[in-house]
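Please look over the sequence and the model below before reading on.

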Amino acid sequence: MRSICIYKMWGIIALTLLCGCTNPETKVKEVRSRMAKNYHLHLNQHAAFLNSSLENISATFNVDSTSAKTTIPNTSLKKILKKKLFSAIPSAIFQFELSSIGSANISLKQYNEVRNYTLQMMKDSLNIFIRYKDKKAVNLLVDTILARYSKQFPVRNAYFYYKEQKEYAGTFLQFLGTENEGYCNDMNLLPGDCNWGYIFLSANGKSLFKFQCVGTDSIEYNIGNFERRNDTLVCSFKKAYSYLEKYDANTGVSISDPNEGKLSNKGGFTMKLLPCECLQYPFIIRYTNESEGSDMLQTYVVKVATLKEQDDFIKSIKDIKAIAKMIKN
């Protein structure tokens with residue numbers, strides 16, 4: 001009887017070891033699969049701006065008379081790389097990497113495997129999507145971007161950041177009001193204090209919506225779930241959490257306690273993030289405003305927010321117990 005128990009125990013150990021050996025590889029494969037799905041969301045907008053940048057300075061490029069090719073001199077390439085856009089690309093790649101990992105529990109060694117795949121995928125994809133005809137110049141540009149990314153987000157530092165943020169893994173989006181026509185043009189974005197906000201899509205299928213309005217006396221978050229239906233993301237918000245915004249009369253600094261708010265079932269609504277043909281905006285939100293007898297069609301374009309905005313947002317919801325409990329993976 002005792003020998004049977006020992007055999008059973010060894011069988012369990014062997015099975016555990018077997019699972020432990022195969023599971024890590026499966027996790028990395030899952031991350032790689034998510035990367036293929038997430039690329040358009042995080043990087044298409046940057047590829048579009050890269051192409052635009054190259055086209056805008058094409059007049060200053062040299063023409064090689066022997067090959068009839070337009071080439072980028074080193075001085076022009078340095079000017080491109082100094083642009084604000086290029087300092088944002090490493091952060092976009094890092095967000096892409098983190099969102100693809102999601103809330104998966106991976107080791108430092110596995111993260112290193114993911115990083116190698118990230119670099120290879122970025123190299124292959126950017127070389128395809130940057131359509132400038134001088135491929136030598138494009139290769140140099142892509143290599144410079146990836147070198148900057150590796151330097152700005154070294155594997156060990158990036159891994160500890162991932163471990164710290166894993167409970168709130170997801171994709172952080174910003175929506176901006178725009179004119180109903182010509183929303184692909186940045187010049188048609190509508191200025192204003194109350195026509196923009198954020199949407200957080202967590203790795204565990206939860207959604208959080210926050211409409212920004214300067215000067216309001218309360219802060220509200222709508223909480224729900226989301227699912228992908230073909231190319232559309234459908235967010236169903238079922239609860240709302242709100243608290244009063246109070247400021248110190250002398251300093252103007254907020255003295256609000258976010259945990260003094262209330263969670264309610266009011267204001268349930270569904271929002272569809274429709275695929276957008278603009279490369280710089282992966283999604284668009286359209287809805288009809290029926291308030292005050294008006295049937296005005298309102299349009300918002302949606303893009304991935306910056307890493308700093310994501311950091312600030314996660315820090316803020318971590319402090320709100322009711323929301324953190326619902327959104328945490």
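**Pockets, a helix and a strand residue**

Helix α3 gives seven residues to the lining of the largest pocket, which is the largest share of that lining. The model is a predicted one, and in it this largest pocket holds about 550 Å³ of space. Its lining is made up of 24 residues, and those that lie nearest the centre of the pocket are Q45, H46, A88, K303 and T306. Several elements give two or more residues to this lining, namely α1 (2–56), α3 (84–101), β3 (170–178), β11 (296–304) and α7 (307–318).

About 440 Å³ of space lies in the second largest pocket, and 19 residues line it, with R34, N38, S99, T171 and F226 lying nearest its centre. Here the elements that give two or more residues to the lining are α1, α3, β3, β4 (196–202) and β6 (218–229). In this second largest pocket the largest share of the lining comes from α1, which gives four residues. The lining of the second largest pocket divides into eight nonpolar residues, eight polar ones and three that are charged.

From the pockets we turn to a helix. Helix α5 runs over residues 135–152, and its 18 residues reach 25 Å from the first C-alpha to the last, which is close to the 26 Å expected at 1.5 Å a residue. The buried residues in α5 are A137, V138, L141, V142, I145, L146 and Y149. Seen down the axis of α5, these buried residues fall within an arc of 165°, and so they line one face of the helix. On the face of α5 that is turned away from this buried side are the exposed residues K136 and K151.

Is T299 buried or exposed? T299 has a relative accessible area of 0%, and because buried means under 20% relative accessible area, T299 counts as buried. Once its neighbours within four places in sequence are left aside, T299 is in contact with L176, G177, T178, E179, N180 and Y183, and also with I284, I285 and R286.

Technical notes:
Residues are numbered from 1 along each chain as its sequence is written. This is a predicted model: local features need pLDDT of at least 70, side-chain atom pairs count only at pLDDT 80 or more; totals for chains, interfaces and linings use all residues. Side-chain values use heavy atoms; hydrogens and water are left out. The expected span of a helix is 1.5 Å times one less than its number of residues. Buried means under 20% relative accessible area, exposed over 50%, partly exposed in between (1.4 Å probe, protein chains only). The arc is that of the directions from the helix axis to the C-beta atoms. On a 1 Å grid over the protein atoms alone, a cavity is a set of points where a 1.4 Å probe fits but cannot get out, and a pocket is an open set with protein on both sides within 12 Å along at least five of seven lines; lining residues have an atom within 4 Å of a point. Grid points are joined across faces, edges and corners, and a volume is the space filled by probe spheres set on the points. Ala, Val, Leu, Ile, Met, Phe, Trp, Tyr, Cys and Pro count as nonpolar, Asp, Glu, Lys and Arg as charged, and the others, Gly among them, as polar. Contact means heavy atoms within 4.5 Å.
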